[in-house]
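The following paragraphs give a guided reading of one protein model.

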Amino acid sequence: MSYLDTYQEWLNNPYIDEDTKKELQGIQGDEQEIKERFYADLEFGTAGLRGIVGAGTNRMNIYTIRKATQGLANYIISKGMQEKGVAIAHDCRHKKDEFTREAACCLAANGIKAYVFDDLRPTPELSFAIRELGCVSGINITASHNPPEYNGYKVYWEDGAQITPPHDAGIMSEVKAVTDLSMVKTMSEDEAKAAGLYITIGEEIDARYMEELKKNVLHPEAIEKVKDDLTIVYTPLHGAGNRSVQRVLKELGFSKVFVVPEQEQPDGDFPTVSYPNPEAAEAFELALKLGKEKNADLILATDPDADRLGVYVKDQKSGDYVCLTGNMSGSLLAWYEISQKKAVEGKLPEGGMLVKTIVTTNMVDAIAKAYDVEVVECLTGFKWIGKEILRTEETGKGAYLFGFEESYGCLIGTHARDKDGIVASMALCEAAAFYKVQGKTLWDAMLEMYETFGYYKDDVIAITHKGVEGIEKIQTIMADLRKNPPTAFGNYEVLRFRDYQVGEITDLKTGAKEKTTLPQSNVLYFELTNDAWICIRPSGTEPKIKIYYGVVGENLEDANANSEELGKIVKEVLA
């Protein structure tokens with residue numbers, strides 16, 4: 001059927017509710033809008049669904065939620081694992097309650113028990129709950145840091161990580177097989193509860209999650225010394241992190257924690273920010289104002305589902321607050337966790353691993369080398385870091401020490417298998433206390449790290465291409481680069497070219513080829529002279545093409561200048 005035929009079918013189908021039909025009647029005659037909503041089914045990808053909330057096959061609504069859940073249920077049943085149940089959480093997004101209920105009721109109608117959080121919760125707590133409750137899977141209703149019009153549906157497997165092979169392909173296949181809405185099973189919430197298939201969870205899991213986080217504290221004595229002197233400002237950006245961050249910091253003893261009042265309460269409209277992303281400077285506007293009023297040592301922000309953490313730290317010499325990128329805060333935490341674990345325990349575990357994604361800073365490699373720790377690289381997306389943790393458990397080889405990706409996400413400990421903004425907040429405050437005892441700030445520690453390991457500077461450019469035409473343009477850019485890879489970016493020569501789509505690495509000097517060791521992915525990576533690099537990939541969650549790049553300098557000023565130069569070159573090449 002054409003998109004117009006599908007549109008008419010929804011208008012006439014008795015299965016579609018009247019409110020949805022009324023919304024669709026409101027776009028009658030607007031062919032472009034109808035096309036955007038119905039030209040395709042909202043794609044169930046390797047992480048699930050994400051899209052604009054609204055009526056249509058290419059939108060997030062109760063029908064796309066039911067279809068995805070029916071496919072997931074079919075897969076679980078095919079594996080004979082339906083007795084284990086599924087945990088479900090959500091953040092502050094629009095339609096969160098309806099989407100959560102629809103997912104739970106669909107599972108129940110298929111005889112699968114749903115463990116549903118009583119209110120919004122951080123993404124990492126869902127990951128923890130899956131393993132804690134012994135569930136086969138998990139569903140998170142969240143669009144992470146996307147704009148307000150979006151919502152999403154993330155699927156996790158029994159290890160607590162987002163789905164990876166072979167389960168991702170198996171679930172996607174089952175979802176695609178649901179070709180008719182009448183194939184979807186559902187029942188009312190009351191019926192599901194009466195059957196013992198809809199279980200509400202909350203405080204008990206919260207308490208167990210908190211205890212697991214606190215097990216990762218390395219220097220409680222430092223916290224005890226400065227707990228009333230260290231000043232912390234925090235904003236949840238209207239999202240799910242507020243109660244958890246405040247609770248863990250309070251239980252550790254920090255007394256001077258100030259939450260941005262305008263952004264404390266959950267709100268899916270995100271009224272104080274147009275883009276609720278701690279990577280964006282505007283997200284910190286109110287927090288910085290409060291931080292200056294309180295003379296804060298550090299300022300923290302978690303994104304709506306609280307898996308990412310952004311941070312500003314005070315430079316005592318200038319009095320200014322300095323933004324730490326995800327690479328900077330991740331590297332600082334990696335150094336702190338590994339160095340202090342060694343200091344506290346006397347040695348690091350045999351086979352210690354520091355796990356990073358291929359677009360994460362090479363500062364990690366320098367830190368790992370200094371502590372004789374193995375660096376394990378994986379594809380972009382924290383689920384691949386989670387898979388490495390699972391591998392160590394299954395094989396008994398290797399010991400996970402720390403993992404992070406450049407997009408403001410890390411995991412300390414193995415209580416969860418997704419990035420955890422709550423434990424990262426806790427660890428950064430602990431590190432701030434540790435250095436404060438020594439008369440240092442976190443910025444002093446950053447400068448010490450640069451001086452010790454090198455002045456690495458990494459950045460990312462995201463170019464948005466919306467709609468059907470945008471998707472085609474992104475595909476064309478990637479195809480052209482793959483077919484005719486550049487041999488140089490300005491004065492930087494390309495030494496090796498990695499194409500993760502075909503699984504091949506080419507040495508541009510010798511022409512020699514070797515196989516990559518990572519799963520197939522639409523990613524291109526250029527290893528450049530002077531220890532620089534560029535990596536290009538389409539975003540998996542937004543209509544963007546993302547260009548990551550890194551350089552090294554003699555000092556901060558030199559590194560910043562080199563990064564700015566390479567950024568300009570990249571834009572020119574891709575223009």
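Helices (H or I, at least four residues) and strands (E, at least two) are DSSP runs, numbered from the N terminus. The model is predicted: local features need pLDDT of at least 70, side-chain atom pairs count only at pLDDT 80 or more, and totals for chains, interfaces and linings use all residues. Residues are numbered from 1 along each chain as its sequence is written, and side-chain values use heavy atoms, with hydrogens and water left out.

Most residues other than glycine have a negative phi, and most peptide bonds are trans. Phenylalanine 270, in the loop between β8 (257-259) and α12 (285-294), has a positive phi near 45 degrees. Accessibility is classed by relative accessible area: buried means under 20%, exposed over 50%, and partly exposed in between (1.4 Å probe, protein chains only). Phenylalanine 270 is buried, because its relative accessibility is 1%. Asparagine 530 also has a positive phi, near 60 degrees, and is located in the loop between β21 (524-528) and β22 (533-538). With 60% relative accessibility, asparagine 530 is therefore classed as exposed. The peptide bond from proline 165 to proline 166 is cis, with omega near 0 degrees; proline 166 belongs to the loop between β5 (150-157) and α7 (167-177).

The expected span of a helix is 1.5 Å times one less than its number of residues. For the 17 residues of α4 this gives 24 Å, and the end C-alpha atoms are 24 Å apart, so the two values agree. Of those 17 residues, 14 are buried, and α4 is thus mostly covered. Polar contacts are pairs of N or O atoms within 3.5 Å; within protein, one must be able to donate a hydrogen and the other to accept it, and residues adjacent in sequence count only if both atoms are side-chain atoms. At the start of α4, a side-chain oxygen of asparagine 61 comes to within 3.0 Å of the backbone nitrogen of tyrosine 63. Just after the helix, glycine 80 adopts a positive phi of about 70 degrees.

Aromatic contacts follow. Rings of Phe, Tyr and Trp (its six-membered ring) pair if their centres lie within 6.5 Å; planes under 30 degrees apart count as stacked, over 60 as edge-to-face and the rest as tilted. Phenylalanine 128 lies in α6 (residues 123-133) and tyrosine 209 in α9 (residues 203-214), so the pair ties together parts 81 residues apart in sequence. Both residues are buried. Tyr7, Trp10, Tyr15, Phe38 and Tyr63 form one aromatic cluster.

On a 1 Å grid over the protein atoms alone, a cavity is a set of points where a 1.4 Å probe fits but cannot get out, and lining residues have an atom within 4 Å of a point. Grid points are joined across faces, edges and corners, and a volume is the space filled by probe spheres set on the points. The structure holds one cavity of 30 Å³ or more. The largest cavity contains about 80 Å³ of space. Among its 13 lining residues, the closest to its centre are Leu309, Ser329, Tyr408, Gly409 and Cys410. Helix α13 provides the largest share of the lining, four residues.

Technical notes
On a 1 Å grid over the protein atoms alone, a cavity is a set of points where a 1.4 Å probe fits but cannot get out, and a pocket is an open set with protein on both sides within 12 Å along at least five of seven lines; lining residues have an atom within 4 Å of a point.
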